[in-house]
Amino acid sequence: MPGYGRGDSEWDLLVDAGRDFLVERAKLGKVTSYTELNVTLARRTGYRTFDFARADERAAMGHLLGLIVERDQASAPSDPLLMLSALVNYLDSNDAGPGFYQLAKELRLLPMSASKDEKFSFWIKQMKRLYERYGASPAVA
């Protein structure tokens, strides 16, 4: 799985650390930002941060989130329709990024022609179900 200038062992550690962090956020009933995830990954793994000023590094973070979703779904085969990446929002935004919705479409969790309202509703349901799965009971708008 090497790519984006990172080796297999680095990706494995990034996926594990990223999944652990997002599960922690879910248990707290909280979301996070790409920036917070990036800093946390660097702190927990010792690997370099993703440079969001570069398109390939933004793509690498998207790739990582896809791998985290894949690993999380493999660990919960009874509920494979949840995407931990729903908990990662753009900084100062109350929504997931376009990569989240694209992956949801690829996984056939969201119709290809989903409207903005359908996407937002899907995202809210994903967050609520993640919080329920991991034991949080926050108030989600």
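## Largest pocket

Helix H3 gives the largest share of the lining of the largest pocket, seven residues.

The space in the largest pocket comes to about 400 Å³. Its lining has 17 residues, and those closest to the centre of the pocket are Tyr34, Arg58, Gly62, Leu65 and Gly99. Sorted by class, the lining of the largest pocket holds nine nonpolar, six polar and two charged residues. Rolling a probe the size of a water molecule over the atoms shows where empty space is left.

An α-helix has 3.6 residues a turn, so residues three or four places apart point the same way. Just after H4, Arg108 has a positive phi of about 60 degrees.

## Fold and dimensions

Five helices and two strands make up the secondary structure of the protein chain. Read from the N terminus, the order of elements is α-β-α-α-β-α-α.

The radius of gyration of the protein chain is 14 Å, which agrees with the value near 14 Å for a compact globule, because the chain has 141 residues. Taken along the principal axes, the C-alpha atoms fill a box of roughly 35 × 30 × 30 Å. Of the 141 residues in the protein chain, 45% are buried. Among contacts with a separation of 6 or more, 59% are between residues 24 or more positions apart.

## Confidence

The average pLDDT of the protein chain is 91, and 94% of the residues score at least 70. In which helix is confidence highest, and in which is it lowest? Confidence is highest in helix H2, residues 34–45, at 97, and lowest in H3, at a mean of 93. H3 is also the helix that gives seven residues to the lining of the largest pocket. Where pLDDT is low, the predicted coordinates should not be read in detail.

How values were computed. Residues numbered from 1 in each chain as written. Predicted model: local features only at pLDDT ≥ 70, side-chain atom pairs only at ≥ 80, totals over all residues. Heavy atoms only, no water. 1 Å grid on protein atoms, 1.4 Å probe; cavity = no way out; pocket = protein on both sides within 12 Å on 5 of 7 lines; lining within 4 Å. Points joined across faces, edges and corners; volume = space filled by probe spheres on them. Helix = DSSP H or I, 4+ residues; strand = E, 2+ residues; numbered from the N terminus. Nonpolar A, V, L, I, M, F, W, Y, C, P; charged D, E, K, R; others polar. pLDDT = per-residue confidence, 0-100. Rg over C-alpha atoms; globule rule 2.2 N^0.38 Å. Buried < 20%, exposed > 50% of the residue type's maximum accessible area, 1.4 Å probe, protein only. Contact = heavy atoms within 4.5 Å.
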